[in-house]
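Visitor: Please show me the model, and then I will ask about it piece by piece.

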Amino acid sequence: MPLLDVSELRTRFHTRSGVFRAVENVSFTLERGATLGLVGESGSGKSVTCASLLRLLPSPPARIEGNYARFDGLDLLRATDAELRAIRGKRIGMIFQDPMTSLNPYLRISEQLIEPLLIHEKISRRDALARALAMLESVGINDAARRLHAYPHEFSGGMRQRVMIAMALIARPELLIADEPTTALDVTVQAQILELIKKLQRELGMAVIFISHDLGVVSGLCDRVMVMYAGRIVETADVRTLFRSPQHPYTRALQRSIPALQAKGAELYTLPGLPPDLSKPIDGCAFAERCEFATAACRTGESPALLASAPGHAHACLRLQAGEILNR
Amino acid sequence: MLPILELRDLRTHFPMERGLLFRQRTGTVKAVDGVSLSLARGEVLGLVGESGCGKSTLARTIMGLAPATSGSVWLEGVNITATPATGEARRALQMVFQDPYASLNPRLSVGDALAEPLRVHRLRPAAEITARVAELAALVGIPARSLDKYPHEFSGGQRQRIAIARALALEPRIIVADEPVSALDVSIQAQILNLLAKLVRELGLSLVFIAHDLSVVKHLSDRVAVMYLGRIVELGSAADVIERPQHPYTRALVSAAPRPDPDGERARQRIVLAGDPPSPLNPPPGCPFHPRCAYALDTCKTTVPALAPHAGRDVSCLRAAEIG
């Protein structure tokens, strides 16, 4: 049984200016110990997908539907508040993008670190503090004994992100959801954090969902990658296949627009137009308006289904599925 | 040939003060600390480094937005730090900022935002302004019918185009762009990079391009300068510096930058630097990089290395030749 099994997850925001379809029929599974990368541009639904799984979105306006989202057999979409509380922070840890707004500025780091332990485990305060100290050391904070009782403002950005990671990992979760954990950091600090996540993953055997818009970061860390566009998964494959032979026109376009993969000074591929307005229903493929291969058939009917083209490689492109455009 | 822009031993220091009534000097932030550079006509110079290394302050000092503490900025052989910037110097040097949401006036329509510099500098008679505004919009790919719209009606990428058009309004010879693509998604980033490359090519502009993404800098730049704690530690051609880095800091920076290549990423040995970049308030003595450098010796703790030729570029490392 996979650790996480999500089927047809849909998240909509009911607002005064309309219904925003942020996540449309997202299905995927994640095995224990595996790393799944979730890539896509701003507004593609990566973060909302993960926040929906943990039911972190206020409802209203958010409405989360779907067949199921089973975490170790428990359907998160239908779990009671008590069941969710037993999972959040204990069996599923989460790292948010912005460490400054995710840490409580009024509380010492020590209080924030031991909170999940005091809630979820029968542990004395003293033992919890000892675990917090060990955790701070393992995320690479120098002089952890003195730093343990400091306030968030006394830390630099990279240090705060390490504290966030320590908080997410202190209860030894089975699943870590990391939402752009290194986006706000400099590359040398980013490299430290990525090495740290890999090391802790090996030690704890946890599964990771890694949300990022940076294909470089994903390529080094993840086993599998899902590409999202307009709230849908358009392609999923193991990381090597996705980078070597991307299939979906959107994935190909993304790849052709990255300077790192093009000859120096070469014209970069640019997508025409803008992502679709998610407050209106979309006929057919959400990417059709910007796709160089789209035909009239792409713009009608249901959104194309995510179908496997090879074992472990699936994409949602009608023309590829019909064999009308060449696979490279 | 005379460089279009030259920086001579430029320093920008900010005093740190405490107290309201009796202000006490408590220290000095040496944001830019002895930078010498020159920029040729039509050249793109990439400026890289991590947050706090002084690259934005350097850009602001070139522009005259931050006062230089010492040293000078020469524009086509004229010292523009010596005299208050004249209209002419202001026109020749224009800046594009990182955040197009913050750098455009929300109360000015795009057409008005583009017309304003033309009126202030009296570059065109009133009758020709509309035509010139349409020309500028076309140059950056903003449709003329959008000129009555306000900044909030545009996406981030379009706003950055408008900010570039506004910089171009004064027919500058040099554009200083401070992280112009950092706030943008990759597909939008590609559009802005293509646009900047086109402008350099077609208008013969010189560009100082600040970014922290090495692949972006390499793509666009002819030469690259790497900054660390207010100083340049390596300066050379983009291919030399980014593909064959020499300074230990540049090596670590290049090695830390993730590349979209799954096998390469798994195979390579990454140099992971310990600790955070030190604060420019209390820079270490000697080589500013020595506390994090794997090659540091005792002499590195006391001697400040000068930028000297090595392996076809300039490197400021006492051990550059030994490390190889």
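Predicted model: local features only at pLDDT ≥ 70, side-chain atom pairs only at ≥ 80, totals over all residues.

Visitor: How many helices and strands does chain A have?

Guide: Helices (H or I, at least four residues) and strands (E, at least two) are DSSP runs, numbered from the N terminus. By that count, chain A has twelve helices and 13 strands.

Visitor: What is the radius of gyration of chain A, and how does it compare with the globule rule?

Guide: The radius is taken over C-alpha atoms, and the rule is 2.2 Å times the number of residues to the power 0.38. For 328 residues the rule gives 20 Å, and the value for chain A is close to that, so chain A is as compact as a globular protein of that length. The C-alpha trace spans about 65 × 50 × 40 Å along its principal axes. The radius of gyration is 21 Å.

Visitor: What share of the residues in chain A is buried?

Guide: Buried means under 20% relative accessible area, exposed over 50%, and partly exposed in between (1.4 Å probe, protein chains only). Of the 328 residues in chain A, the buried share is 53%.

Visitor: What share of the contacts in chain A with a separation of 6 or more joins residues 24 or more positions apart?

Guide: A contact means heavy atoms within 4.5 Å. Among the contacts in chain A with a separation of 6 or more, residues 24 or more positions apart account for 62%.

Visitor: Which element of chain B do the buried residues of α8(A) pack against?

Guide: The buried residues of α8(A) include A:V189, A:I193, A:L196 and A:L200. Within chain A, the buried residues of this helix pack against β3 (35-39), α5 (125-138), α7 (157-169), β9 (207-212) and α9 (215-221). In chain B, the partner is α9 (248-256).

Visitor: Is A:E24 buried or exposed?

Guide: A:E24 lies in strand β2 (residues 18-30) of chain A. Leaving aside neighbours within four places in sequence, A:E24 contacts A:L9, A:R10, A:R12, A:G231 and A:R232. Its relative accessibility is 13%, so A:E24 counts as buried.

Visitor: Which residue does a cis peptide bond join to A:P61?

Guide: A:P61 is in the loop between α1 and β4 of chain A. A cis peptide bond joins A:S59 and A:P60, with omega about -10 degrees. Another cis bond, with omega about 10 degrees, joins A:P61 to A:P60.

Visitor: What phi does A:E8 have?

Guide: A:E8 sits in strand β1 (residues 4-15) of chain A. With a relative accessible area of 32%, A:E8 is partly exposed. Although A:E8 is not a glycine, its phi is positive, at about 55 degrees.

Note on methods: Residues numbered from 1 in each chain as written. Chains lettered and ligands numbered in written order. Heavy atoms only, no water.
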